[in-house]
Each structure stands twice: as C-alpha cells, then as structure tokens.
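The sequence and structure are shown first.

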Amino acid sequence: MSGLLALLDDVAAIAKVAAASVDDVVGQAAKAGSKVAGVVIDDAAVTPKYVTGFEADRELPIIWKITKGSLFNKMVVLMPALLLLNTFAPWVITPLLMLGGAYLCFEGAEKVFHWLFPHGDAHVEKDMSVGDPLHLEETRVKGAIKTDFILSAEIMTIILSNIEADSFWFEAATLAFAGVAVTVFVYGAVALIVKMDDVGVWLAANGRTDGGRALGAGLVKGMPKLLKLLTVVGTAAMLWVGGSIIIHGLDVLGMPWLYDEIHHIAVAISPNSGFGEWLVTAIFDGIFGLVLGMLLIPVVTRVVAPLFAAVSGRDRVPH
C-alpha cells in the first residue's frame with residue numbers, strides 16, 4: 001500500500017511538472033506572439049481580398065484551404081528550418097529578421113505611395129478578374145499561400161527570437177504552439193470578417209426586432225469601413241514593426257547609434273511615462289520604416305523584381 005501511495009505521489013509530482021511546463025510554453029508563446037502584432041494585422045487585412053468575386057458558399061472553403069497551407073508553411077517548412085538555424089547558426093537569425101523587416105518596410109511604404117499617388121496596376125486588375133471560377137479559386141489559393149509564406153517566415157522568426165528557453169524541445173513546443181495560435185487567430189478573424197456582411201444581410205432581412213434589423217444594416221454598411229481601417233492600421237503596424245526590427249538589428253550587430261538616439265529622445269519627451277516612451281519610440285521607428293521603404297521601392301521594382309522574374313519565370317514579385 002505504501003508503495004502504491006509513493007507511486008501515486010510520484011505521478012502527481014510529474015503531473016505538476018508537466019502542467020508547469022505547459023504553462024511555461026503558453027506563457028512564452030503569448031509573450032513572443034505579442035511581438036508580431038503588426039504582421040498579424042496586415043495578414044488579416046490582406047487575406048479577405050483572395051475571396052473577392054466568389055459565391056458566398058465558396059468563401060469559407062477557400063479560407064480553410066489557405067489556413068491549411070499556412071499551417072504547412074509554418075509547421076513543416078519554416079519551423080524545422082528556423083530551429084536548425086537557431087541551433088547551429090544562431091548568428092543568421094538577426095540578418096534574417098532584418099531582411100524580413102526591410103520587406104515589411106517596403107510593403108508598407110508601397111501602400112502609402114499608392115495612397116499618395118493612385119495609379120492602376122494591370123497585374124492586380126488581371127488578378128481580380130473572375131474569369132473561370134475554378135481556375136481563379138486555384139490561382140487565388142496558391143497566391144494566398146505564397147504571400148502567407150513570406151508573412152509566416154517573418155512571424156515565426158520574430159517569435160523564435162523572443163523565446164527564452166534553455167531546452168531545444170521547449171523552444172520547439174513554444175514555437176509550434178505560437179505558430180498554430182497565430183494561424184488560428186488570423187484565419188478565424190478573416191472568416192468572421194468575410195462572413196460578417198452575410199450575417200448583416202440576414203439580420204437586416206430576418207431580424208425580429210427593429211434593433212436586430214438595424215444591427216444587420218449597420219454590419220453591411222460598416223464592413224467596408226472596417227476593412228479600410230484594418231488596412232490603415234496594418235500598414236502603420238508594418239512600418240513600425242519593420243523599422244523597429246531594422247533599428248534593433250543594427251544595435252545587435254554593433255551599430256547602436258540610431259537605437260540609442262531614439263531611446264534618448266523618447267526618454268526626454270516622456271521621462272516618467274512608460275507608455276509615452278513606447279509611443280514616441282514607435283513613431284520614430286515607423287518614420288524610419290517609411291523612409292527606408294520609400295528608398296527600397298525603386299530598388300525592388302527596378303532591380304529585384306526583374307531578377308526575380310528572370311529566375312522564377314514569373315512577371316512580378318509576390319505580394
């Protein structure tokens with residue numbers, strides 16, 4: 001009997017350790033995941049365009065296909081590659097982060113440039129043409145998964161760089177949990193956004209009360225404004241995150257001047273406010289990201305894009 005009690009006591013101790021480990025994984029994942037807010041918002045804002053032009057009953061199946069592709073990108077391709085790099089060549093992580101940050105700055109600046117100087121894009125107009133629905137669905141899903149790969153690479157790299165772990169398996173578990181959680185959050189939000197207008201139409205037509213019908217009409221009218229707001233917030237977040245990654249990366253690589261100057265300015269403007277210091281730093285990071293992104297636009301469009309087209313056989317850089 002005493003042996004059985006001792007065994008049960010050991011099992012209970014193991015269970016406590018396991019529970020603590022799970023809590024640590026979730027806590028680390030939440031902490032690391034909070035660092036990718038800008039990329040996540042942009043991902044959620046960009047994805048709804050891929051279901052434009054389809055029947056309502058095809059919207060959720062298309063989002064599910066993209067979700068599965070995103071999970072494959074993160075769990076099967078990116079996670080093993082990043083864990084190997086972090087184990088055997090950790091010095092590569094910072095340059096990879098900075099490369100991704102530069103991409104975010106370019107994407108954000110390109111959107112700002114398009115807002116300031118509106119111009120047509122033949123590639124976009126061709127992509128948005130419905131044509132053959134079956135072929136269009138396949139093409140849109142492939143395009144969305146390719147775009148997701150770029151954003152997922154940045155998300156997973158940022159998460160990995162913010163995990164504090166001594167164990168490879170703890171690091172892997174945290175990265176996997178955070179990657180899945182981010183994917184579920186992004187594409188769950190996308191599904192809600194895409195179907196919200198259908199919910200509004202149903203409520204407006206079938207609501208039993210004036211308030212319910214008014215809510216439905218408000219949802220229908222409000223969704224375009226919500227998508228526009230998400231685009232603006234996502235663009236600002238991309239510039240902020242991208243600029244912050246570049247500036248922090250320069251500091252890590254032994255070039256701390258810009259990082260230190262922004263920190264000193266932020267402290268001088270908001271000496272007794274943690275939020276104020278963060279806000280000033282974020283604004284300067286975003287301004288830097290915008291300037292860098294604007295400088296990158298001609299480089300990408302006139303140098304990188306032609307090289308990409310020559311190597312891949314495609315006629316544009318993936319967006």
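Is Lys142 buried, partly exposed or exposed? Lys142 has a relative accessible area of 47% and is partly exposed. The model under discussion is predicted.

## Salt bridges within helices

The side chain of Lys142 meets that of Glu138 in a salt bridge, at 3.1 Å from N to O. Glu138 and Lys142 are four residues apart in helix α6, and are therefore separated by about one helical turn. Glu138 is likewise partly exposed, with a relative accessible area of 43%.

In helix α7 (residues 168-206), Asp198 and Lys195 lie three residues apart, about one turn of the helix. Their salt bridge places the closest N and O atoms 2.9 Å apart. Salt bridges that share partners join Asp198 and Lys195 with Glu59 into one network.

The whole structure contains five salt bridges. One of them pairs Lys74 with Asp148, with 3.9 Å between the closest N and O atoms. Because Lys74 lies in helix α3 (residues 56-88) and Asp148 in helix α6 (residues 133-161), this pair ties together parts that are 74 residues apart in sequence. Both Lys74 and Asp148 are buried.

## Annotated spans and surface patch

An unreviewed UniProt entry places the feature "transmembrane region" at residues 75-93, 172-194, 229-250 and 287-311. Residues 75-93 are 79% helix and 0% strand, with end C-alpha atoms 18 Å apart. Residues 229-250 are 100% helix, and their end C-alpha atoms lie 32 Å apart.

Phe275, Trp278, Leu279, Ile283, Ile287, Val291 and Leu295 form a nonpolar surface patch with about 710 Å² of accessible area together. Leu295, in helix α10 (residues 274-312), counts as exposed because its relative accessibility is 56%.

Key. Residues numbered from 1 in each chain as written. Predicted model: local features only at pLDDT ≥ 70, side-chain atom pairs only at ≥ 80, totals over all residues. Heavy atoms only, no water. UniProt positions renumbered as here; feature names shortened; annotations may be inferred. Helix = DSSP H or I, 4+ residues; strand = E, 2+ residues; numbered from the N terminus. Patch = residues over 30% accessible without salt bridge, like charges linked within 9 Å, V, L, I, M, F, W, Y side chains within 5 Å. Areas by Shrake-Rupley, 256 points an atom, 1.4 Å probe, with all protein chains shown as cover. Salt bridge = Lys/Arg side-chain N within 4 Å of Asp/Glu carboxyl O. Buried < 20%, exposed > 50% of the residue type's maximum accessible area, 1.4 Å probe, protein only.
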